[in-house]
Amino acid sequence: MSNPLEIARRESSVLRISVRTAVIMLGFTLVFTALMAGTYKLTEPLVAASAAAEKLRLIGEVLPPRLHDNDVMADAIVLPPQKALGTDEDSRIWRARKAGQPVALVFEAAARDGYSGRIGLIAAVSADGRLLALRVTSHKETPGLGDYIDPKKDRNKARPWITQFNGLGLSEVPRDKWRVKKDGGRFDQMNGATISARAVTNASGRALAWVVENRDRLFALPANSRYEDQGAKQ
Amino acid sequence: MSAYKEIAWNGLWKQNSILAQLLGLCPLLAISTTLVNAVSLGLATILVMMLANFAISALRALIPYEIRIPVFILIIAALVTVVDLAFNAFLHDLYLVLGIFIPLIVTNCIVLARVEAFAAKNGLRAATFDGMMMGVGFVWVIGLLGAVREFVGQGTIFSGIEMIFPSLSGIQVLPEDYPGFLIAILPPGAFFVLGLLIAGRNWLEARANQRLRDKRLHEHPSAATATA
């Protein structure tokens, strides 16, 4: 047992086993990471195409095609993160025009205070400052409870909850009334699931006010340019 | 009982991942709010379990015993990622519905449990079949749970089916003015219904065992009287 040669041999075999195990683990990691990376590369163009098609479909949902005659996807400007819109990375504003005249702005916004985190929104605001339509693009609200903010899940198919904003502007519903009824505002909410409705309502009010205020600049910028905050220098 | 029959029986009933092993409760409780959600997640789970069991059965000779768990997790996570990407690229409409559920499958410990308990010790065909049967056992229980919760909670069945088959729509079973029973939709409701399902299974099992005992007693009455 105490033979020094014996101990040395045992230690070297432990070392050998450790190295062998580590190499095998490394091998598996490399192979399966390569598998994931390969799949990602292979599917990337398809995923991007589906995402673009999905975006176009969403724009179509809030902006009826008959309202404009320009290519909305091409007439976009890049927007840095905006507090009023709840965005935390670059987003886009698509501009709809008819015969060169501004018709509407389509943009993405987000409510960060949903019941289960972020609620992604897309909205169209007409040139005269009315919210044409609002849709939820992504959310994690409780299925069967808070998810009525998405008209696909809303059980009221005839008049889904989110359509009550359609056509309203800040001249019809003042900013301090742009809230759910429970908070003293104008908009309905469903009992037991106020948080989801409140988040969407407040986010849409904030976004609408910001877009209306900056409307002229947003329409005037050349396509594909970047919007810069006026007060950026502070 | 042949080996495959036994695998099927284990997956569907005797070793049912939810009712007998109580595994995979995280996705189970989160997703079983409606029948359509539940079955959709279940189908994705079957796919992942078959792939994981197949891959690990195929590679089992290469995996050292000491590091088998990290290797299993690595393989399962990689497969789920690949399935997620493939769905997104090739079945985009379905992905929009199932997309949020697919990453959840990684949190389902039944996948790791079957890989460890079965696939690592059995051949390719048996392992893949076991993955499928365990998955089917998961689907029918989560589907039943979803159906009960949806029915009690909002009085409908198949709501949301239009996301998968746009021509169909959910059925309003209870009257339109049914106020809903909120607790069935919330997580506690999932525990209540699951508890009832497990109690039901235990009752059936106990009854079957009792019958078996009665039958034995009937066939060998001398054994019973001798001890009495």
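I began with a definition: a residue is buried if 20 or more other C-beta atoms lie within 10 Å of its own, exposed if 12 or fewer, and partly exposed in between. The model I am reading is a predicted one. With that cut-off, 31% of the 234 residues of chain A count as buried.

**Entry 1: chain A as a whole**

I listed the elements next. Chain A has three helices and six strands. Along the sequence I read the pattern α-β-β-β-β-β-β-α-α. I then asked how spread out the chain is. Its radius of gyration is 26 Å, well over the 17 Å that the globule rule gives for 234 residues, so chain A is more spread out than a compact globule.

**Entry 2: two domains in chain A**

I checked the domain assignment. It gives domain 1 (1–62) and domain 2 (64–232) for chain A. Six residues from domain 1 of chain A and 13 residues from domain 2 of chain A make the contact. On the domain 1 side, I found four nonpolar residues, one polar and one charged. The C-alpha centres of the two domains of chain A lie 41 Å apart.

**Entry 3: the sheet**

In what order do the six strands of chain A's open sheet come? I read β1-β2-β3-β4-β5-β6, with antiparallel pairing. Then I looked for the edges. β1 (76–79) and β6 (168–169) of chain A each have a single partner strand, so one side of each is left without a neighbour in the sheet.

- β2(A) and β3(A) run antiparallel and are joined by six bridges. I noted one partner pair here: A:Trp94 with A:Val106 in β3(A).
- β3(A) and β4(A) pair over nine bridges, again in the antiparallel sense. They form a hairpin with two residues between them.
- β4 (residues 117–126) and β5 (residues 130–138) of chain A pair over six bridges, in the antiparallel sense. Here I found A:Ile122 opposite A:Arg135 in β5(A).

I wrote down one general point about strands. In a regular strand the side chains alternate between the two faces of the sheet.

**Entry 4: what covers β3(A)**

Is β3(A) mostly covered or mostly open? It is mostly covered, as ten of its 14 residues are buried. I also followed helix α2 (residues 194–213) of chain A. The helix lies across β3 (101–114), β4 and β5 of chain A, and it runs at about 140° to β3(A).

**Entry 5: two residues with a positive phi**

I looked at A:Ala99 first. A:Ala99 is not a glycine, yet its phi is positive, at about 50°. I found A:Ala99 in the loop between β2 (91–98) and β3 of chain A. The hairpin of these strands, β2(A) and β3(A), has two residues between the strands. Is A:Ala99 buried or exposed? A:Ala99 has 8 C-beta neighbours inside 10 Å, so it counts as exposed.

Then I turned to B:Leu22. B:Leu22 also has a positive phi of about 50° and is not a glycine. B:Leu22 sits in the loop between α1 (3–14) and α2 (25–31) of chain B. I found 13 other C-beta atoms within 10 Å of B:Leu22, so it is partly exposed.

**Entry 6: chain B as a whole**

I listed ten helices and two strands in chain B. From the N terminus on, I read α-α-α-α-α-α-α-β-β-α-α-α. The C-alpha atoms of chain B fill a box of roughly 70 × 55 × 30 Å along the principal axes. Of the 228 residues in chain B, 39% are buried. Among contacts in chain B with a separation of 6 or more, 75% come from residues 24 or more positions apart.

**Entry 7: where the chains meet**

How values were computed. Residues are numbered from 1 along each chain as its sequence is written. Chains are lettered from A and ligands numbered from 1 in the order in which they are written. This is a predicted model: local features need pLDDT of at least 70, side-chain atom pairs count only at pLDDT 80 or more; totals for chains, interfaces and linings use all residues. Helices (H or I, at least four residues) and strands (E, at least two) are DSSP runs, numbered from the N terminus. The radius of gyration is taken over C-alpha atoms; the globule rule is 2.2 Å times the number of residues to the power 0.38. Domain bounds come from an automatic or database domain assignment. Two residues are in contact if their C-beta atoms, placed from the backbone, lie within 7 Å. Ala, Val, Leu, Ile, Met, Phe, Trp, Tyr, Cys and Pro count as nonpolar, Asp, Glu, Lys and Arg as charged, and the others, Gly among them, as polar. Two strands pair if DSSP finds at least two bridges between them. Axes are lines fitted to C-alpha atoms, for helices over the stretch in contact, and angles run from 0 to 180 degrees between N-to-C directions.
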